[in-house]
Protein chains: 2
Amino acid sequence: MKTKIENIVETKIIRLFTETNPLLLDCGAAFSPIDVAYETYGELNSEGTNAIVVCHALTGSAHAAGYSSEDPKSIGWWDSFIGEGKPLDTKKFCIISSNFLGGCYGTTGSSSINPATEKPYGLLFPQMTVRDMVRVQKSLIDHLGVQKIKTVIGGSLGGMQVLEWALLYPEIVETIIPIATAAQHSPWAIGLNDVARQAIMNDPDWHKGNYYEFGQPEKGLALARQVAMLSYRSEKEFQQRFGREHQKEKGIDYLNQFNNSDVFQIESYLRYQGKKLVKRFDANTYLYISRAMDIHDVSFGRGTLKEILHSIKIPSLLVGIDSDILYPISEQKNIAESIPNSTYCEITSPFGHDAFLIEFEQMAKHVTEFLEK
Amino acid sequence: MKTKIENIVETKIIRLFTETNPLLLDCGAAFSPIDVAYETYGELNSEGTNAIVVCHALTGSAHAAGYSSEDPKSIGWWDSFIGEGKPLDTKKFCIISSNFLGGCYGTTGSSSINPATEKPYGLLFPQMTVRDMVRVQKSLIDHLGVQKIKTVIGGSLGGMQVLEWALLYPEIVETIIPIATAAQHSPWAIGLNDVARQAIMNDPDWHKGNYYEFGQPEKGLALARQVAMLSYRSEKEFQQRFGREHQKEKGIDYLNQFNNSDVFQIESYLRYQGKKLVKRFDANTYLYISRAMDIHDVSFGRGTLKEILHSIKIPSLLVGIDSDILYPISEQKNIAESIPNSTYCEITSPFGHDAFLIEFEQMAKHVTEFLEK
């Protein structure tokens with residue numbers, strides 16, 4: 001007899017903004033309709049005060065924990081972190097995870113149907129910002145009856161949302177845990193994103209964003225992913241994992257360098273990662289989300305960066321990863337130094353930026369300690 | 001009256017390998033003809049013992065110093081380093097600089113005319129290795145009457161050639177100065193090169209290498225360059241130089257994100273660098289040279305890396321750059337530790353890998369001291 005799979009979770013979809021109740025975006029547009037895909041784990045108490053908001057990263061989804069009711073093989077991206085007895089303990093907390101505005105996993109985004117044309121928005125979708133994403137999440141938690149949020153937590157672009165939560169809604173957020181993130185997207189990170197976007201837009205199959213009837217710009221999106229992967233991992237990990245090993249045993253086929261018949265394992269790995277993303281992610285969405293990251297700047301329209309971070313008064317746990325080249329520890333320390341009531345902790349890992357999706361033991365220790373305080 | 005421009009130099013071209021005297025390449029092919037473009041600065045003494053060999057990097061040329069006789073505005077890429085009273089002093093030494101095998105600045109490469117077809121080789125060019133490049137350079141110095149080489153010096157891919165010089169021709173090389181380089185190309189660096197190559201090969205204008213009658217795969221080559229630029233410089237430099245400044249004063253044009261009308265300065269800078277390379281460099285050549293870097297491994301076919309580096313007995317000055325993310329200082333230190341008679345020195349710079357083309361004062365100090373010993 002097979003063990004029954006527990007923790008089947010359903011991704012729900014709710015329309016939060018309509019024509020009569022549109023969202024006013026940072027770009028100035030009043031935008032609707034907006035559907036939001038979300039999951040919850042654990043029960044909200046009657047006062048609505050035990051919520052935790054989890055924010056996902058660039059290619060993430062609402063499916064953060066448990067097994068998907070639609071695909072029982074699909075386990076949530078932070079499942080080791082969310083559940084009974086885990087750091088985000090579903091016995092104590094009601095954890096809320098939603099696909100952000102502009103995503104392609106159920107929440108309205110560039111690949112959603114534009115009611116005006118009955119075709120996907122493509123480039124007619126407005127450029128949303130991280131703040132816009134957080135405004136939509138706020139509407140969701142209002143709908144769910146949340147009064148106070150114990151903590152908002154997330155890594156990378158998730159961490160950018162976390163910082164904006166503290167700045168937009170300080171009255172309901174009790175603590176924040178931004179992980180391996182940025183208060184302002186750095187020029188190096190912008191450059192990487194721009195190169196990734198050019199890879200997509202250079203692909204003739206992109207068709208200026210109108211590719212939906214023909215299929216994805218596969219080569220371009222795969223290449224964008226590979227550029228990103230080189231910044232998500234570390235030289236050290238690639239060295240340990242792949243070294244200079246080849247796909248073929250016989251060594252280098254000097255005469256067939258460019259026919260892909262023989263490549264280093266690192267190349268094979270990157271290409272595989274590229275192809276994997278093509279199957280699960282929309283190219284225009286990649287453009288919009290990466291651009292939202294580039295625009296991200298908590299000080300924009302508010303004051304100096306130092307002042308703005310200083311205005312965050314709630315307890316904040318900043319998590320850095322020693323091998324992260326994308327959002328280096330110096331950046332995390334700078335944020336921590338500017339937030340008065342902050343603690344900085346560091347994950348030791350060869351996995352680079354991606355360590356926040358891998359090093360659960362170290363993360364668990366820091367997060368559990370912080371939440372217990 | 002205008003000051004007379006001194007130091008006009010001529011790039012000479014010589015045929016070093018012919019049908020009756022072909023070069024046996026690592027790939028097994030006996031290849032000819034091979035023309036080599038080179039420049040010399042200073043006089044070779046009658047014993048032929050005061051030569052210095054300078055090795056250039058990926059997109060470099062033989063034109064390392066002085067003003068080109070063909071274009072008086074074109075100053076050599078290491079002019080601050082080579083000349084009277086400079087670290088590579090033309091009063092004492094005869095400095096020899098040549099475009100390497102497979103290059104596109106006068107030495108035979110992928111863009112040269114294939115005598116068999118009377119068209120450019122394109123992908124019919126054999127995949128050369130760093131060792132092949134050095135064998136061609138050896139033939140050049142033999143032709144010039146050089147008996148002993150005071151030092152072989154170069155950064156990046158130049159440094160890879162330097163290491164191979166010490167291993168292939170220990171009897172004539174007296175010292176070496178490898179700068180910001182690799183003894184084996186690392187998987188992270190291979191990954192970056194592979195992404196750059198894919199950018200070129202994804203471009204429909206590449207035509208599987210047969211683009212010469214139509215023009216370059218401009219978008220692809222420009223993108224390849226931008227990927228590389230992100231690894232040649234440092235986050236810190238980009239932060240100091242560009243920050244989050246925009247091209248337009250009015251701020252972000254949220255509604256026109258993808259029409260290139262408004263970009264961050266870092267994006268504008270990278271795109272400009274990409275376009276600049278397209279004007280001066282051949283796309284197929286980029287594929288071949290970057291692949292030669294990936295194949296580079298001083299231990300290949302010889303023994304273990306440690307043994308092979310240990311077998312280098314001549315005085316060696318290893319130069320690392322503290323902000324280099326492509327060939328990090330840990331890699332330079334590892335090389336230095338394995339070469340018995342070596343000295344390690346470090347350049348402090350925000351310019352990342354490119355510092356070997358910028359930080360002349362620090363480089364001059366270390367190199368002059370080393371050469372005087």
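Chain B superposes on chain A by a rotation of 180° with 0.0 Å of shift along the axis, at an RMSD of 0.0 Å. The two copies are thus related as by a two-fold rotation axis. Both copies use the same surface: 100% of the contact residues of chain B recur in chain A. The model is a predicted one.

Take chain A next. Its domain 1 covers 12-184 + 298-372, and its domain 2 covers 192-287. The centres of these two domains of chain A, taken over C-alpha atoms, lie 27 Å apart. Their contact draws 20 residues from domain 1 of chain A and 21 residues from domain 2 of chain A.

Chain A holds an open sheet of eight strands with mixed pairing. Its order is β2-β5-β10-β6-β13-β14-β15-β16. On average, neighbouring strands are turned by 25° against each other, direction ignored.

Now look at one pair within this sheet. β5 (residues 34-41) and β10 (residues 94-98) of chain A run antiparallel and are joined by four bridges. Opposite T40(A) stands I96(A) of β10(A). A helix packs on the sheet as well: α1 (residues 130-144) of chain A. Helix α1 touches β2, β5, β6 (51-55), β10 and β13 (149-155) of chain A. The direction of α1 makes about 110° with that of β2(A).

Turn to chain B. Here too an open sheet of eight strands has the order β2-β5-β10-β6-β13-β14-β15-β16, with mixed pairing. β2 (12-17) and β16 of chain B each have a single partner strand, so one side of each is left without a neighbour in the sheet. The twist from one strand to the next averages 25°.

At one end of that order, β15(B) and β16(B) run parallel, joined by six bridges. V319(B) has C345(B) in β16(B) as its bridge partner. Helix α2 (residues 157-168) of chain B packs on the sheet and touches β6 (51-55), β13 and β14 of chain B. Its direction makes about 150° with that of β13(B).

The last stop is helix α10 (residues 360-372) of chain B. At 1.5 Å a residue, its 13 residues should span 18 Å; the end C-alpha atoms are 17 Å apart, which agrees. Which residues of α10(B) are buried? They are F360(B), M363(B), A364(B), H366(B), V367(B) and F370(B). What covers them includes β9 (88-89), β13 (149-155), β14 (176-179), β15 (316-321) and β16 (342-347) of chain B.

Definitions and conventions: Residues numbered from 1 in each chain as written. Chains lettered and ligands numbered in written order. Predicted model: local features only at pLDDT ≥ 70, side-chain atom pairs only at ≥ 80, totals over all residues. Heavy atoms only, no water. Least-squares fit on C-alpha atoms with pLDDT ≥ 70 in both. Contact = heavy atoms within 4.5 Å. Helix = DSSP H or I, 4+ residues; strand = E, 2+ residues; numbered from the N terminus. Expected span 1.5 Å × (residues − 1). Buried < 20%, exposed > 50% of the residue type's maximum accessible area, 1.4 Å probe, protein only. Pairing = 2+ DSSP bridges. Axes fitted to C-alpha atoms, helices over the stretch in contact; angles between N-to-C directions. Domains from an automatic or database assignment.
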